[in-house]
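This report concerns a single protein chain. The sequence and structure are shown first, and the discussion comes after them.

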Amino acid sequence: MIKYDFRNADEKIIGSENGLNIGHEFEQYKDRIKDIIASLNQRKDKPGQKLQWLNLGYNEETLWYVKEYASLVEGRFDNILVLGIGGSALGGLAVTNALLKPYWNLLTKEQRNNFPRIFFLDNIDPDEINSLLDILDLKKTLVNVITKSGDTAETMAQFMVIKDRLAQVLGEEEYRKNVVATTDKQTGVLRQIAEQEGYKTFVVPDDVGGRFSVFSAVGLLPFALVGINVDEIINGVKDMDLALKNTNIHDNIAAQNALIHFLMDTQKGKNISVIMPYSSKLKYIGDWFCQLWAESLGKNKDIEDNPIMTGPTPVKAVGATDQHSQVQLFNEGKNDKIINFIRVEEFETELEIPQIFSYTGIGYLGGKTMNQLMNAEADSTKVSLSDYSRPTVTITLPKIDGYHIGQLLYMLEVQTAIAGALYNINAFDQPGVEQYKNYTYALMGRVGYEDSAQTLQDRLNSFSAV
Ligand code: PA5
């Protein structure tokens with residue numbers, strides 16, 4: 001199992017101004033945490049609670065269909081192109097980057113064991129899309145379009161461009177074999193198109209929000225298509241789920257990290273949560289976590305609809321890279337952050353630094369390994385942060401494999417749900433995203449948004465009048 005260490009957030013290490021009396025707080029909050037976990041466990045099967053993501057580890061049917069389809073198309077495609085944005089893309093990006101060999105898309109087919117390259121298009125930048133279209137042989141590309149709502153402007157605009165190109169090179173009939181859609185089982189425009197055109201489809205289950213969907217077909221299908229062992233990931237999710245059903249805070253690492261972050265924010269003024277993996281393979285876990293934490297916890301109403309303003313700001317960093325970028329700020333800037341280190345005990349490979357220079361400044365490096373250097377850098381950054389009374393917690397993965405990545409992501413999801421309950425907010429909606437979406441529809445002339453178009457024009461005029 002992955003390990004969690006909170007000692008450097010304790011007042012015994014960093015002083016009472018910035019640290020918590022964690023033993024005392026666990027005692028104080030043990031009943032509240034017990035209620036929160038029990039309530040999550042009780043409500044998870046109830047429709048409308050948006051908690052179906054807690055059951056994704058047990059969805060044998062999806063797992064079976066995903067593996068069956070992946071084996072059916074194995075060897076047919078050189079590229080997988082995933083179209084999606086936000087929760088429909090970030091989990092896929094994070095996990096493939098963690099579990100595939102680095103520079104996967106640059107490896108030869110043999111080096112990839114005949115599995116395809118994978119590209120995630122999670123933006124609408126015309127230069128990026130045009131460049132990608134220049135290099136992809138669309139005849140050899142399987143397009144996985146993912147949108148739960150089925151009408152997200154960014155994803156559907158991408159799909160319209162790609163579908164048009166696919167049909168040009170393959171013909172209006174044949175192109176359909178190169179499309180697989182992941183969307184709601186009934187509603188949404190993509191579902192209508194898929195049925196009309198006869199695409200293979202996978203379902204984003206009800207009551208699973210985008211940012212909690214990585215263990216549904218949203219993530220599992222792209223993983224299986226590039227040869228990632230999805231059973232291993234799901235085994236990690238299940239084992240972590242079992243551990244996190246424990247209502248005792250002393251045995252539940254997601255509850256511990258949620259509570260420590262909540263108290264750091266509300267009692268110690270640390271309203272910035274930094275996620276800092278010491279591994280390039282884990283760097284997109286930071287992007288995925290930022291969305292999860294930000295969209296779930298940034299709210300202006302509590303559960304009872306009282307106006308509030310809450311939400312710790314997530315920040316991503318990568319060790320050792322960001323030691324030369326953000327650590328100056330973390331050490332000496334405003335003491336308003338809690339830093340989550342993610343460590344890896346055992347890298348997949350070892351790399352020795354050759355003894356080729358004997359200069360005093362660098363000679364000591366020769367004969368050591370990059371692995372030793374990485375761990376020494378993580379240790380020294382932790383100690384220096386502690387010298388400056390900055391709180392840190394550390395999550396340690398024995399190694400980067402599907403089993404532990406499944407555990408890590410699932411733990412962070414449960415941690416977010418528990419934090420939402422501690423803040424007394426709904427962690428599973430995102431009303432703040434709707435406003436700009438409506439304005440975009442209005443600007444782009446979508447039928448039914450004429451009133452918004454007028455409001456938008458008035459607002460833009462008022463800006464220029466200032
Ligand atoms: O977490 C969320 O719900 C969002 O980030 C969505 O994933 C994102 O807006 C994309 O939505 P959809 O899957 O409907 O295209």
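Predicted model: local features only at pLDDT ≥ 70, side-chain atom pairs only at ≥ 80, totals over all residues.

## Domain arrangement

The protein chain is divided into two parts: domain 1 comprises residues 3-42 + 234-423, and domain 2 comprises residues 52-230. A distance of 30 Å separates the C-alpha centres of domain 1 and domain 2. To the contact, domain 1 contributes 30 residues and domain 2 contributes 25 residues.

## Nonpolar cores

The largest nonpolar core contains 98 residues, and Trp53, Ile260 and Ile418 have the most contacts inside it. Helix α15 (residues 402-423) supplies the largest share of this core, namely 12 residues. Because domain 1 (3-42 + 234-423) and domain 2 (52-230) both give residues to this core, it lies between them. A second, separate core has 22 residues, including Leu133, Leu138, Val145 and Tyr175.

The surroundings of Trp53 can be described individually. Leaving aside residues up to four places away in sequence, Trp53 touches Asp207, Val208, Phe212, Tyr410, Glu413, Val414, Ala417 and Phe428.

## Helix α16

Helix α16 spans residues 431-443, and its buried residues are Val433, Tyr441 and Ala442. These buried residues pack against three helices: α6 (153-170), α11 (283-297) and α17 (450-465). After α16 comes Gly445, which has a positive phi near 80 degrees.

## A nonpolar surface patch

Ile356, Phe357, Tyr359 and Ile362 make a nonpolar surface patch of about 460 Å². Phe357 is located in the loop between β11 (337-346) and α13 (360-363).

## Salt bridges

The whole structure holds 22 salt bridges. One of them pairs Asp231 with Lys67, with the closest N and O atoms 2.9 Å apart. This pair links distant parts of the chain, as Asp231 belongs to helix α9 (residues 230-244) and Lys67 to helix α3 (residues 60-73), 164 residues apart. Asp231 is partly exposed at 28% relative accessibility, and Lys67 is partly exposed with a relative accessible area of 34%.

Arg191 and Glu195 also form a salt bridge through their side chains, at 3.9 Å from N to O. Both residues are in helix α7 (residues 189-197); they are four residues apart and therefore separated by about one helical turn. Arg191 is buried at 6% relative accessibility, whereas Glu195 is exposed with a relative accessible area of 55%. The side chains of Asp241 and Lys245 meet in a further salt bridge, with an N to O distance of 2.5 Å. Here Asp241 is buried, having a relative accessible area of 4%, while Lys245 is partly exposed at 28%.

Note on methods
Residues numbered from 1 in each chain as written. Heavy atoms only, no water. Core = buried A, V, L, I, M, F, W, Y, C linked by side-chain atoms within 4.5 Å. Buried < 20%, exposed > 50% of the residue type's maximum accessible area, 1.4 Å probe, protein only. Helix = DSSP H or I, 4+ residues; strand = E, 2+ residues; numbered from the N terminus. Domains from an automatic or database assignment. Contact = heavy atoms within 4.5 Å. Patch = residues over 30% accessible without salt bridge, like charges linked within 9 Å, V, L, I, M, F, W, Y side chains within 5 Å. Areas by Shrake-Rupley, 256 points an atom, 1.4 Å probe, with all protein chains shown as cover. Salt bridge = Lys/Arg side-chain N within 4 Å of Asp/Glu carboxyl O.
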